[in-house]
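This briefing sets out the structural features of a protein model together with its ligand. The points are grouped by topic.

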Amino acid sequence: MQNVDITIVGAGSAGLTLAALLAPLNLSIVVLEQGGAPRQQAATYQRVSALNLASQRLLSHIGAWPAIASSAAAYSQMQVWDADSFARIAFDAQTEGVAALGHICDNEQIRLALYQQLQKQTNVRFEFNCNINSLVQSERDVLVNFNQQQLLLSRLLVGADGVNSAVRRSMQLPLTHWDYEQQAIVATITSTVAHDNVARQVFLPSGPLALLPLPAPNQCSIVWSCAPERAAQLLALDNNGFNQALTAASNSVLGVLQLQTAPQAFGLKMRYASSWLRGRTVLVADAAHSIHPLAGQGMNLGLMDVAALAELITQAVADGNDFSEPRLLRRYERWRKAEAQTLIAAMEVFKRGFSNSQPLLKLVRAVGMSGINNLPWLKSQIIAQALGNSGDLPKLARPTARYGAVV
Ligand SMILES: Cc1cc2nc3c(=O)[nH]c(=O)nc-3n(C[C@H](O)[C@H](O)[C@H](O)COP(=O)(O)OP(=O)(O)OC[C@H]3O[C@@H](n4cnc5c(N)ncnc54)[C@H](O)[C@@H]3O)c2cc1C
């Protein structure tokens with residue numbers, strides 16, 4: 001049997017970022033991942049995430065940001081409009097005093113950059129293609145049985161194993177969930193009009209369509225959320241039919257749009273674990289909560305979870321305290337639950353508000369959006385939240401001087 005300080009289950013963006021943040025503490029850390037190691041390859045943009053400035057600062061601190069940024073696209077403007085009314089709102093980096101509002105990053109490149117940083121650490125070990133057989137909690141430790149025969153005794157176990165978390169299930173942590181009754185169609189597309197580094201999102205009565213700029217001037221990643229029946233219809237179309245439907249849905253804002261990769265659909269569910277810890281086991285990121293991708297905040301939220309947990313653990317180690325004591329884990333849970341609940345509620349307002357064609361509601365949202373667009377102070381408050389420049393941020397993610405000045 002091996003004894004370690006911390007076991008992290010899941011080598012996604014959250015698990016790897018946590019390992020990188022904890023590595024300088026010289027604790028022994030093992031990362032258990034059911035899949036293979038991130039592979040050295042060029043960005044495919046099959047799955048992308050809009051990372052905000054708070055995430056950028058965190059990943060810069062770890063040293064992973066330059067490699068991530070080398071294949072990412074910075075966006076300097078955001079345009080959001082309602083297909084059903086005159087409502088529109090726009091944000092730009094210059095007005096907010098930042099170099100960019102965020103970056104569209106390839107998810108696999110994020111993992112690769114983090115993994116490469118971690119390979120420099122002798123106290124972090126990986127077990128890829130790992131199959132967890134059981135988790136047993138005692139008062140002071142957690143025992144992991146994996147790959148049939150191997151036993152690992154940890155002072156702390158972190159479930160960073162995504163939406164279908166086996167850690168969450170094994171610890172019987174209750175989950176609240178509801179179906180957004182939408183699927184997100186994701187693909188890379190080309191456009192006849194250059195995107196000009198603008199992230200665009202149109203709210204259609206059937207759901208939002210995001211056009212996220214990629215490094216090539218005429219290439220975007222789309223996230224098109226709609227009812228499962230509509231998604232099935234769209235996916236059944238040939239490329240020509242899909243391209244026509246997509247171009248029409250986008251109001252031809254970037255001219256004619258054409259698929260470059262086969263569209264993939266993801267079911268969308270809100271998930272929220274009502275308890276994030278049991279004994280010496282704690283959940284982070286998608287294992288604890290998942291939200292609608294319409295505001296591009298899921299990964300940002302998860303990265304702030306692990307930054308918060310790492311901050312509390314670092315402080316406990318510095319003070320010579322027990323870093324896995326339930327009191328500390330509860331503090332982490334209280335801190336991050338408040339942020340997750342706020343975003344879950346905001347996504348609900350957006351999703352319900354924009355998928356309703358009732359005339360009065362249409363008028364209210366049109367007046368509301370246009371009103372906000374003409375109120376610079378209120379607009380700045382909203383954008384500061386989206387950029388990750390406000391809220392109860394972990395120290396490493398806070399803006400230091402001015403927005404975006406750190407990196
Ligand atoms: C369509 C779509 C668009 C999105 N766009 C954005 C965006 O623009 N911006 C943004 O911030 N967020 C976005 N998100 C959300 C974002 O993708 C997720 O929040 C983020 O990837 C979650 O990271 P994670 O590390 O928690 O989980 P994951 O990335 O799911 O990683 C979990 C890891 O755990 C491993 N694992 C699972 N089970 C086990 C097990 N039993 N044993 C060992 N390992 C295991 C998995 O193999 C995986 O490597 C989007 C989501 C969707 C669906």
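In α1, the buried residues are S13, A14, G15, L16, T17, L18, A19, A20, L21 and L22, where buried means under 20% relative accessible area, exposed over 50% and partly exposed in between, with a 1.4 Å probe and protein chains only. Because 10 of the 10 residues of α1 are buried, the helix is largely enclosed by the rest of the structure. The model is predicted: local features need pLDDT of at least 70, side-chain atom pairs count only at pLDDT 80 or more, and totals for chains, interfaces and linings use all residues. Residues are numbered from 1 along each chain as its sequence is written, and side-chain values use heavy atoms, with hydrogens and water left out.

**Ligand surroundings**

- Around the ligand there are 27 residues, of which E33, Q34, A50, D286 and M299 come nearest; a residue is near a molecule if one of its heavy atoms lies within 4 Å of it.
- By class, this shell has 13 nonpolar, 10 polar and 4 charged residues. Here Ala, Val, Leu, Ile, Met, Phe, Trp, Tyr, Cys and Pro count as nonpolar, Asp, Glu, Lys and Arg as charged, and the others, Gly among them, as polar.
- S13 has a polar backbone atom 3.3 Å from an oxygen atom of the ligand, a polar contact being a pair of N or O atoms within 3.5 Å.
- A nitrogen atom of the ligand lies 3.0 Å from a backbone N or O atom of Q34, and a backbone N or O atom of G296 also lies 3.0 Å from a nitrogen atom of the ligand.
- On its own, the ligand has 1000 Å² of accessible area, and the protein covers 82% of it; accessible areas come from the Shrake-Rupley method with a 1.4 Å probe.
- Two or more residues of the shell come from each of α1 (13-22), β3 (48-51), β12 (175-191) and α9 (298-318). Helices (H or I, at least four residues) and strands (E, at least two) are DSSP runs, numbered from the N terminus.

**Salt bridges**

- The structure holds 9 salt bridges, each a side-chain nitrogen of Lys or Arg within 4 Å of a carboxyl oxygen of Asp or Glu.
- D305 pairs with R336 in a salt bridge whose closest N and O atoms are 2.7 Å apart. This pair links distant parts of the chain, with D305 in helix α9 and R336 in helix α10 (residues 326-354), 31 residues apart.
- D305 is buried at a relative accessible area of 0%, and R336 is buried at 2%.
- E127 and R125 form a salt bridge with the closest N and O atoms 2.8 Å apart. E127 counts as buried at 16% relative accessibility, whereas R125 is partly exposed at 31%.
- In the salt bridge between E325 and R327, the closest N and O atoms are 3.4 Å apart. E325 is partly exposed at 22%, while R327 counts as exposed at 61%.
- A network of salt bridges links D5, R140, R155, R280 and D322.

**Surface patch**

- L375, W377, L378 and I382 make a nonpolar surface patch of about 400 Å². Patches are made of residues with over 30% relative accessible area and no salt bridge, with like charges joined within 9 Å and nonpolar side chains (Val, Leu, Ile, Met, Phe, Trp, Tyr) within 5 Å.
- W377 is placed in helix α12 (residues 376-387) and counts as exposed, at 62% relative accessibility.

Technical notes. A polar contact is a pair of N or O atoms within 3.5 Å; within protein, one must be able to donate a hydrogen and the other to accept it, and residues adjacent in sequence count only if both atoms are side-chain atoms.
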